Amino acid sequence: MNTNQFGKKGWTPDRIEKLYGKTYVITGTTSGTGFEAAKILLSKGARVVMLNRNPKKAENTIATLKQELGNKIDATNIQMDLSKQASVKKAAEEVLKTVPKIDALICNAAIAQVPKQKLTEDGWESQMGTNYYGNWTLQALLFPLIEKSKGRIVTVGSMGYDMGIKTIKFDDLNWDKDYTPNDAYSQSKLAQIMSMYELQDRLKEAGETDVKAYACHPGSSRTNLINTSGSFMMKLIFNLMKLSPLTQSAEKGAYPQLMCATEPNLDQSGFYGPTGRSNWVGPVGAHKIEPHAKDKAVAKRLWELSEKETGIKWNI
């Protein structure tokens with residue numbers, strides 16, 4: 001077990017300085033870890049731009065945050081459905097028009113454990129289409145502004161990257177054969193994490209040292225993720241798990257993404273999350289990542305495929 005660079009308690013938000021003048025763009029803030037991350041950033045004086053699918057829920061979220069933190073907070077929402085490329089492009093355009101800088105883009109939103117194979121309107125398996133291609137396009141389109149701001153891209157992955165088939169199923173990306181909710185989810189999360197390490201390599205090659213890219217995960221947090229898309233059985237298991245010591249609060253689940261968004265001089269090659277039992281709970285810091293997540297040949301192939309599938313190239 002490696003020692004935690006942030007001491008025995010691990011990384012906590014006490015380390016965040018005041019964030020006046022800083023701007024964070026976060027996806028999926030109406031509940032769970034995204035809500036908690038937004039709340040902590042706002043409490044430190046940051047401006048937070050939220051990207052959420054449901055404008056009504058987003059409005060309620062902002063009202064709740066104002067009740068808790070006071071009316072002076074700078075929180076706005078831009079409507080975006082991560083599962084639809086047209087919606088992601090439209091939201092990115094609005095961000096570029098209305099937001100002068102991005103200190104960090106935090107890609108927190110995801111769907112999980114979709115019970116039956118379902119395709120997005122763009123023709124991708126829903127978890128891959130939302131969790132991976134949705135983020136791919138958002139990150140690529142906002143990259144010029146992140147670059148100008150010398151900002152960061154933070155991808156919230158999952159320990160699911162180490163389950164399922166542990167690689168990308170290039171010959172059947174949509175799981176027309178052998179679909180299982182877990183395998184498809186795991187692949188989408190592996191793809192998300194992989195693309196961060198591949199991005200780091202590409203930035204390095206281009207001599208772009210001003211933009212940092214990070215991969216993290218929330219551990220096993222008590223959130224609504226499974227409740228929104230999982231099957232009845234998964235929900236049952238997960239809701240029982242929520243009562244066990246193998247889970248932690250959504251607030252704690254937000255620590256890894258907050259650390260990756262704000263901690264100065266954080267090593268990009270790390271994988272960040274809880275360092276306790278099975279990396280589900282415990283002090284937050286860097287921990288082991290399995291070699292298949294940094295498989296260069298697979299990552300390169302995935303990157304090239306993503307450019308072709310989305311029709312979007314990163315301007316690195």
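Modeller: Start with Asp14. Its relative accessibility is 68%, so Asp14 counts as exposed. The model is predicted, so local features need pLDDT of at least 70 and side-chain atom pairs count only at pLDDT 80 or more, while totals for chains, interfaces and linings use all residues. Residues are numbered from 1 along each chain as its sequence is written, and side-chain values use heavy atoms, with hydrogens and water left out.

Colleague: What makes Asp14 exposed?

Modeller: Exposed means over 50% relative accessible area, buried means under 20%, and partly exposed lies in between (1.4 Å probe, protein chains only). Asp14, at 68%, therefore counts as exposed. Asp14 sits in the segment before strand 1 (23–27). Helices (H or I, at least four residues) and strands (E, at least two) are DSSP runs, numbered from the N terminus.

Colleague: Why is Asp81 called buried?

Modeller: Asp81 has 12% relative accessibility, so it counts as buried. Asp81 lies in the loop between strand 3 (74–79) and helix 3.

Colleague: What does the side chain of Asp81 make with the side chain of Ser83?

Modeller: A polar contact, at 2.7 Å. The term takes a pair of N or O atoms within 3.5 Å; within protein, one must be able to donate a hydrogen and the other to accept it, and residues adjacent in sequence count only if both atoms are side-chain atoms.

Colleague: Where in helix 4 is the kink?

Modeller: At Leu142, shortly before the proline Pro144, with a value of about 50°. The bend is the angle between axes fitted to the seven residues ending at a residue and the seven starting there.

Colleague: Which residues touch the most other members of the largest nonpolar core?

Modeller: Ile102, Leu138 and Ile168, in a core of 53 residues. Helix 4 gives the most to this core, with 10 residues. A nonpolar core is a set of buried Ala, Val, Leu, Ile, Met, Phe, Trp, Tyr and Cys residues joined through side-chain atoms within 4.5 Å.
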